[in-house]
Amino acid sequence: MKLEAKIPSGPLEKKWDRYRLEMKLVSPANKRKFEVIVVGTGLAGASAAASLAELGYRVRCFCFQDSPRRAHSIAAQGGINAAKNYQNDGDSVYRLFYDTIKGGDFRSREANVYRLAQVSSNIIDQCVAQGVPFAREYGGLLANRSFGGAQVSRTFYARGQTGQQLLLGAYQALCRQIALGQIEMHPRTEMLELVVVGGHAKGIVVRDLVSGQVTSHAGDAVVLATGGYSNVFFLSTNAKGCNVSANYRAYKKGAAFANPCYTQIHPTCIPVSGEHQSKLTLMSESLRNDGRVWVPKRPGDNRPVGQIPEDERDYYLERKYPSYGNLAPRDISSRAAKEVCDQGRGVGPGGRGVYLDFADAIRRSGENTIRERYGNLFEMYERITGENAYATPMRIYPAVHYAMGGLWVDYELMSSLPGLFVIGEANFSDHGANRLGASALMQGLGDGYFILPYTIGNYFAHCSQPRPAASHPEFRLAEAAVKERTHKFLSIRGRRTVSSIHRDLGHLLWEKCGMARNEASLKEALEKIPAIRQEFWENIIVPGESTEINQALEYAGRVADFLEFAELLCTDALMRRESCGGHFRTEFQTPDGEALRNDAEFAYVAAWEHQGEGRPPLLHKEPLVYEELKMMQRSYK
Amino acid sequence: MNLKLRIWRQKNADTPGHFVEHDAPNVTPDMSFLELLDTVNEELTLQGKEPIAFDSDCREGICGMCSLVINGIPHGHIKGTTVCQLHLRHFQDGQTITVEPWRARPFPVIKDLIVDRGAFDRIIQAGGYISVSTGQAIEGNALPIPKDTAELAMDAAACIGCGACVAVCKNASAALFVAAKVSHLALLPQGQRERERRVWHMVKAMDAAGFGSCSNTSACEAVCPKSISVEFIGRMNREYMKSLIKAQFKNT
């Protein structure tokens, strides 16, 4: 495998222009001859499917939910970044680029990030035109707010439901193309295998989740927009259905998996309340605009909030990072919360929580203003915890939230497998080792609306591998593999539920490869994962049949892939002997506890190639060459 | 706490369903209703029985996938909440709780508590969008929109498409769902060009899917997890009348 990032030469700000000038085009009459398979209908998938269809390509689109409108992008609350500089506060494409590279701890590609910053403005225009009801000023112009890791206000939002509104915009564009007959939509359908013909990705095998029927779909290219893998930790802020399977199947068919150890722990989630918990709920980072994070100064201080005087409170983010304060980036805020809880200063049941206090903001701006800004978040908090956050501070704790790692892609968003494109959270490309808030929506829509629709044409114009028939022997083989696996799940008939094993895996990863990792903990995880996997394959019980709706069966397939992927994640984390962004190795830290990078040895993308069952994956390194910026120690002080 | 559940079980769309009783001992008030079902399902699975099939995904009240009627009320008795965020602290120890799927002809049950809501997608496909292809947009701030208008459009756009409005309606009317989308887009300047044809096509698709008529009981607003106002139904009706009148003039 040879990794070629295909970054255009020339000055940074001219690279994308240059690419677009030099790429080959497909004429309108020829576009209709190409068929594209899009898996996933979140921001990236829906926007790509709609845009490709508008261009004239024929699209087949798949999602496991009952409707394409439900993908987990819908849960993004806070907002979407764009370098519009509407606030006249010094923003620019270059600053957004710089903040994103710095926020990612100098582990992303300059050219990709710069291009993302360039298209960010177009995304806002497109969404406004679709009717996304962004927040407005009284003069009727678009409003902005600030977000972590930036000192300008460049975040556009629609109350606390920005992801929902952007997704509905993309979904409606998708619906328009379905009605026009340009897109064939397959809801409640799960991709279970990628099919490679002549070295190119040319189709997928899917299971209809209602009838259980396994079918093949051939295309000229396959686009995976299948999201992140945070559910490998069992508890995360992801939707229950989010999984790594499509990506992992592609990895096993030859697509390299990049930087799996870069996982983001979000600092503001509602703390775990008990063993029954099925998922964690995020409270938007935007709350940190007005909320102040604190814990008691004295360990074990369990007095009620009202009885802790001001001078016995430690506003630790403001203390440690005076210039960014409560808006320090996510990785830094999360680790700081862990640190104070480890010192025994955590609050709430179990001592795993810190306060997010709005008392000052309410005093300053009035309860109504706070209600207007965050009303739905306060309601959500009350629904879940039964507490009123206007009167008493919220309790929050970090939780797994986002996967910066993903399938390796080049500048064209094509994986190491020709014909397989990967967009949105599913790829690894733009966020380095840590993603800034309000940048996931930007990347998903940037990839789908403005990048993939160009680059996929260049692939078609150069591609000599024709679309096979869905009866090609490779499809038959893949179908047989799917059916065999399904049969296996149903025939084990053991004594453990899939969920109990998933819980074991998640617990192990959270403890050994979570917010802090080290050589010993990672080696321990790597030793224990195979045993959990063996327990799965020998002892799970999956009732029911394959020819009907069988949610336990769907779940078993996803957990089986998590059990293998977890090993890849820990292998990557063990290999990367440095701390960067969300990857914090306790052996590598500065005297004051900040992440200590090792640019001399690890300034590269780690792309792992599957070598076959039972063999260790092969590491390929794509060096990160910084032509524009100088790598430096991140500081938010 | 201990609860008793009466749950609708149905093998598939073609087989008649029935209630089955399940015990849920030792559950805690902090659990969500879906976590309660998870717990029951773990137990059923260990007994080698088929777990209860139900839809859910985000479990934070926004994807619109979960869809259970709890004691006769879609999403349960707490206002402004989806069933994934309905916690057991709102129930009493020893209570018997009846759990059913959405019941409406356009939403056929396909297994246990899962229904097919494809009709909603078909309504949006009929016109619930603004026709603007990628790349055609003008500069975002070139079209100022009064704050109040944007806020009102957002009130309507908050719909999560769960279908509780249909499930509670004695006529199985989808008026609130359709009105929310019609209003969201008709309120905004971007939506003006297609205003009449949009409402006309969406209402036609709604009728074709077999949803009943609205008889203004407002039950939909009462159960809507996003508390979307029935005033939008009035707005849709006005939009629809206007589209009919304009069409008349066009034909003469």
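## Domains of chain A

The C-alpha centres of domain 1 and domain 2 of chain A are 30 Å apart in this predicted model. The domain assignment places domain 1 of chain A at residues 266-401 and domain 2 of chain A at residues 473-598. Contact between these two domains involves six residues of domain 1 of chain A and six residues of domain 2 of chain A.

On the side of domain 1 of chain A that touches domain 2 of chain A, helix H9 (residues 330-342) of chain A gives the most, with five residues. By class, that side of domain 1 of chain A has four charged residues, one polar residue and one nonpolar residue.

## The parallel sheet of chain A

Five strands of chain A form an open sheet with parallel pairing, in the order E5-E2-E1-E9-E17. Strand E5 (183-186) and strand E17 (420-422) of chain A are the edge strands, and each pairs on one side only. From one strand to the next, the twist averages 20°.

Within this sheet, strand E2 (residues 58-62) of chain A runs parallel to E5(A) and is joined to E5(A) by four bridges. Cys61(A) has Met185(A) as its bridge partner in E5(A). Helix H3(A) packs on the sheet, where H3(A) touches strand E1 (35-39), E2, E5 and strand E9 (221-224) of chain A. The direction of H3(A) makes about 165° with that of E1(A). Helix H12(A) lies across E1, E9 and E17 of chain A and runs at about 150° to E9(A).

## The antiparallel sheet of chain A

A further open sheet of chain A has four strands in the order E16-E10-E18-E19, with antiparallel pairing. Strand E16 (406-407) and strand E19 (618-623) of chain A stand at the edges with a single partner strand each, so one side of each has no neighbour in the sheet.

Strand E10 (residues 257-258) of chain A and strand E18 (residues 604-609) of chain A run antiparallel and are joined by two bridges. In E18(A), Trp608(A) is the bridge partner of Phe257(A). Helix H16 (residues 551-575) of chain A packs on this sheet and touches E10, E18 and E19 of chain A. The direction of H16(A) makes about 145° with that of E18(A).

## The interface between chains A and B

Where chains A and B meet, 63 residues of chain A are in contact with 67 residues of chain B. Six helices are listed as each supplying at least two residues of the chain A side: helix H3 (43-55), helix H5 (110-130), helix H6 (162-179), helix H11 (367-385), helix H12 (440-462) and H16 of chain A. H6(A) provides the largest share of that side, nine residues.

The side of chain A that touches chain B divides into 26 nonpolar, 24 polar and 13 charged residues. The helices that contribute to this side include H3(A), H12(A) and H16(A).

## Domains and strands of chain B

Chain B is divided into domain 1 (3-111) and domain 2 (118-251). Taken over C-alpha atoms, the centres of the two domains of chain B are separated by 30 Å. In the contact between them, 18 residues of domain 1 of chain B meet 16 residues of domain 2 of chain B. The side of domain 1 of chain B that touches domain 2 of chain B has nine nonpolar, seven polar and two charged residues.

Strand E1 (residues 3-9) of chain B pairs in the antiparallel sense with strand E2 (residues 18-24) of chain B over seven bridges. Leu3(B) has Ala24(B) as its bridge partner in E2(B). E1(B) also pairs with strand E5 (residues 96-101) of chain B, in the parallel sense and over four bridges. In E5(B), Thr98(B) is the bridge partner of Arg6(B).

The axes of helix H5 (residues 175-187) and helix H6 (residues 195-208) of chain B come within 10 Å and cross at roughly 170°. H5(B) is therefore roughly antiparallel to H6(B). H5(B) contributes Val178(B), Lys181(B), Val182(B), Leu185(B) and Ala186(B) to the contact, and among the residues from H6(B) are Arg195(B), Arg198(B) and Met202(B). By class, the contact of H5(B) with H6(B) has eight nonpolar, no polar and three charged residues.

Leu176(B) lies in helix H5 of chain B. Leu176(B) is buried, because 27 other C-beta atoms lie within 10 Å. Not counting residues up to four places away in sequence, Leu176(B) touches Cys165(B), Cys220(B), Glu221(B), Cys224(B), Ile228(B), Val230(B) and Ile233(B). The C-alpha atoms of Leu176(B) and Pro146(B), which are 30 residues apart along the chain, are separated by 24 Å.

Key: Residues numbered from 1 in each chain as written. Chains lettered and ligands numbered in written order. Predicted model: local features only at pLDDT ≥ 70, side-chain atom pairs only at ≥ 80, totals over all residues. Pairing = 2+ DSSP bridges. Contact = placed C-beta atoms within 7 Å. Axes fitted to C-alpha atoms, helices over the stretch in contact; angles between N-to-C directions. Nonpolar A, V, L, I, M, F, W, Y, C, P; charged D, E, K, R; others polar. Domains from an automatic or database assignment. Parallel < 35°, antiparallel > 145°, perpendicular 65-115°, else oblique. Buried ≥ 20, exposed ≤ 12 C-beta atoms within 10 Å, placed from the backbone.
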